[in-house]
Amino acid sequence: MTHRPKVLLVDDDSDLLELYQEMLSKLPSQPIVRTTNSGAKAIAMLDAEPFSLLLSDLNMPGMDGLQVLAVVRRKYPQMRTAVMTTVTDPQFRMRAYAIGLDLYLEKPNNSE
């Protein structure tokens, strides 16, 4: 049996979660993709089962993406982490990388 990576997607926008899940499911590695719409739920899911990658939005109500990243770095230092966000502020990007982020991706700001 081949190992399928397990990915946790976190975004408060359900349409984007659905789009990301669809895109990731088409990858050759056929990852197992789980989704949630809040940072607190993401931490609970990470505590319940192992994941290979956390892909999170940064701007979310309640626990934001930077807070999620800080918890993940402390509890799961080997986990790969990435964010997809509309935040283009270089200071924000530097804070995310300082926490230990692996990849910072900017969401497109238009429908194309």
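This is a predicted model: local features need pLDDT of at least 70, side-chain atom pairs count only at pLDDT 80 or more; totals for chains, interfaces and linings use all residues.
Is Glu22 buried, exposed or partly exposed? Glu22 counts as partly exposed, because its relative accessibility is 43%.

Residues are numbered from 1 along each chain as its sequence is written, and side-chain values use heavy atoms, leaving out hydrogens and water.

Glu22 has a charged partner. Lys26 forms a salt bridge with Glu22, and their closest N and O atoms are 3.6 Å apart. A salt bridge here is a side-chain nitrogen of Lys or Arg within 4 Å of a carboxyl oxygen of Asp or Glu. Lys26 is exposed, because its relative accessible area is 63%. By this rule the count comes to nine salt bridges. Lys6, Arg34 and Glu49 are linked in a network of them.

Now turn to Arg73. Its side chain meets that of Asp102 in a salt bridge, at 3.5 Å from N to O. This pair links distant parts of the chain, 29 residues apart. Arg73 sits in helix H3 (residues 65-75), and Asp102 in the loop between helix H4 (90-99) and strand S5 (103-106). Helices (H or I, at least four residues) and strands (E, at least two) are DSSP runs, numbered from the N terminus. Arg73 is buried, because its relative accessible area is 17%. Asp102 has 32% and is therefore partly exposed.

The side chains of Thr81 and Arg73 make a polar contact at 3.0 Å. A polar contact is a pair of N or O atoms within 3.5 Å; within protein, one must be able to donate a hydrogen and the other to accept it, and residues adjacent in sequence count only if both atoms are side-chain atoms. Thr81 lies in strand S4 (residues 80-85). At 1% relative accessibility, Thr81 counts as buried. Leaving aside neighbours within four places in sequence, Thr81 is in contact (heavy atoms within 4.5 Å) with residues including Leu53, Leu69, Val72, Arg73 and Asp102.

One more salt bridge joins the side chains of Arg93 and Glu106, at 2.5 Å from N to O. This pair too links distant parts of the chain: Arg93 in helix H4 and Glu106 in strand S5, 13 residues apart. Arg93 is partly exposed at 26% relative accessibility. Glu106, with a relative accessible area of 41%, is partly exposed.

Key
Buried means under 20% relative accessible area, exposed over 50%, partly exposed in between (1.4 Å probe, protein chains only).
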